[in-house]
Amino acid sequence: MLTVDFGRFPVGPGDRVLDLGCGDGRHAYEAYKRGADVVAADLDDIALKHVRDMFANLAQAGEAPASASALAVRADALRLPFPSGSFTRVIVAETLEHIHADRTVLAEASRVLAPGGRLVATVPRWWPERICWLLSDAYHEVEGGHIRIYRRRELLGKLREAGLSTTGGHHAHALHSPYWWLKCAVGPDEEHRLCALYHRFLVWDIMRSPRPVRFAEWALNPVLGKSLVVYARKP
């Protein structure tokens with residue numbers, strides 16, 4: 001399930017891509033399959049092991065070009081261990097809302113981005129996220145949970161403070177908003193039949209990508225999309 005639109009964020013052979021706060025690695029895998037040299041960075045050692053294993057599986061299956069490379073490394077987003085201008089693409093997806101010093105993260109992301117390079121940042125959209133917070137404290141008051149809710153203008157302002165020029169954006173994952181509202185209403189840690197049924201529907205959609213459902217989500221994203229996606233460039 002990709003949040004970034006790689007049609008608007010072109011990646012290919014010759015690109016050096018940093019997936020900062022990579023989590024389960026979904027965007028790193030896509031960049032690798034497109035032929036880029038990819039570094040997936042996170043502080044979660046368990047997640048990084050999973051990403052390394054998946055990189056190896058993709059290479060073994062021939063799903064990534066032999067010319068591409070992929071690494072998963074432990075790195076602190078506040079002090080990245082990479083020289084300035086190391087990457088032509090930086091992805092910061094669903095990460096900033098977890099970190100108090102988000103300005104420092106964006107400054108570091110901008111530092112390691114080469115002039116002319118592109119960055120994409122994604123965060124939970126304000127109003128769907130606000131409903132989750134109103135429905136459940138347990139949704140966000142957990143270790144490593146969400147510490148802020150971004151408005152669009154706030155994210156745009158912080159990207160510009162980091163020396164980046166924003167070039168556009170959109171919303172994504174409209175069908176996921178009702179799922180999380182339902183989860184928060186019954187309790188995020190509670191098992192509930194309706195949540196299980198909705199989750200099965202989402203998994204089916206991810207695996208099969210039926211055209212009518214994809215069209216419905218595309219149509220609903222401007223209003224209901226759970227994620228805000230912003231694209232930027234370094235001058």
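Is Cys-184 buried or exposed? At 2% relative accessibility, Cys-184 counts as buried. Buried here means under 20% relative accessible area, exposed means over 50%, and partly exposed lies in between (1.4 Å probe, protein chains only). The model is predicted: local features need pLDDT of at least 70, side-chain atom pairs count only at pLDDT 80 or more, and totals for chains, interfaces and linings use all residues. Residues are numbered from 1 along each chain as its sequence is written, and side-chain values use heavy atoms, with hydrogens and water left out.

The structure holds zero disulfides (pairs of cysteine sulfur atoms within 2.5 Å). Cys-132 is in no disulfide. The nearest cysteine sulfur to that of Cys-132 belongs to Cys-184, 4.0 Å away. Cys-184 is likewise in no disulfide. Cys-132 is also buried, at 0% relative accessibility.

Strands and helices were assigned as DSSP runs (E, at least two residues, for strands; H or I, at least four, for helices), numbered from the N terminus. Strand β2 spans residues 37–42. This strand is mostly covered, with five of its six residues buried. Strands pair if DSSP finds at least two bridges between them. Strand β1 (residues 16–20) is joined to β2 by five bridges, and the two run parallel. Within this pair, Arg-16 stands opposite Asp-37. Between β1 and β2 the chain passes through helix α1 (residues 26–33), in a right-handed β-α-β crossover. Right-handed means that, with the strands pointing away from the viewer, the path from the first strand over the helix to the second runs clockwise.

On to the next pair. Five bridges also join β2 to strand β3 (residues 70–74), again in parallel. Here Ala-41 stands opposite Val-73. The chain reaches β3 from β2 through helix α2 (residues 45–60), and this β-α-β crossover is right-handed.

Nonpolar cores were defined as sets of buried Ala, Val, Leu, Ile, Met, Phe, Trp, Tyr and Cys residues joined through side-chain atoms within 4.5 Å. The largest core has 30 residues. Leu-18, Leu-20, Val-90, Leu-96, Leu-119, Leu-155 and Leu-159 touch the most other members. At least two residues of this core come from each of β1, β2, β4 (87–93), α3 (102–112), β5 (113–124), α5 (152–161) and β7 (227–233). Contact means heavy atoms within 4.5 Å. Not counting residues up to four places away in sequence, Val-90 touches Phe-9, Leu-18, Ala-109, Val-112, Leu-113, Arg-118, Leu-119 and Val-120. A second, separate core holds 26 residues, including Ala-28, Tyr-32, Ala-93 and Ala-172.

Charged side chains were examined next. Side chains of opposite charge can pair when their charged atoms come close. The structure holds 14 salt bridges (a side-chain nitrogen of Lys or Arg within 4 Å of a carboxyl oxygen of Asp or Glu). One of them links Asp-24 to Arg-26, with the closest N and O atoms 4.0 Å apart. Asp-24 is partly exposed, at 44% relative accessible area.

In helix α5, Glu-154 and Lys-158 lie four residues apart, about one turn of the helix. Their side chains meet in a salt bridge of 2.8 Å, N to O. Glu-154 is partly exposed at 28%, whereas Lys-158 is buried at 8%. Both belong to a network of salt bridges that also links Asp-102 and Arg-148.

Arg-214 and Glu-217 form a salt bridge of 2.9 Å, N to O. These residues are about one helical turn apart because they lie three residues apart in helix α8 (residues 211–224). Arg-214 is partly exposed, at 30% relative accessibility. Glu-217 is buried, at 6%.
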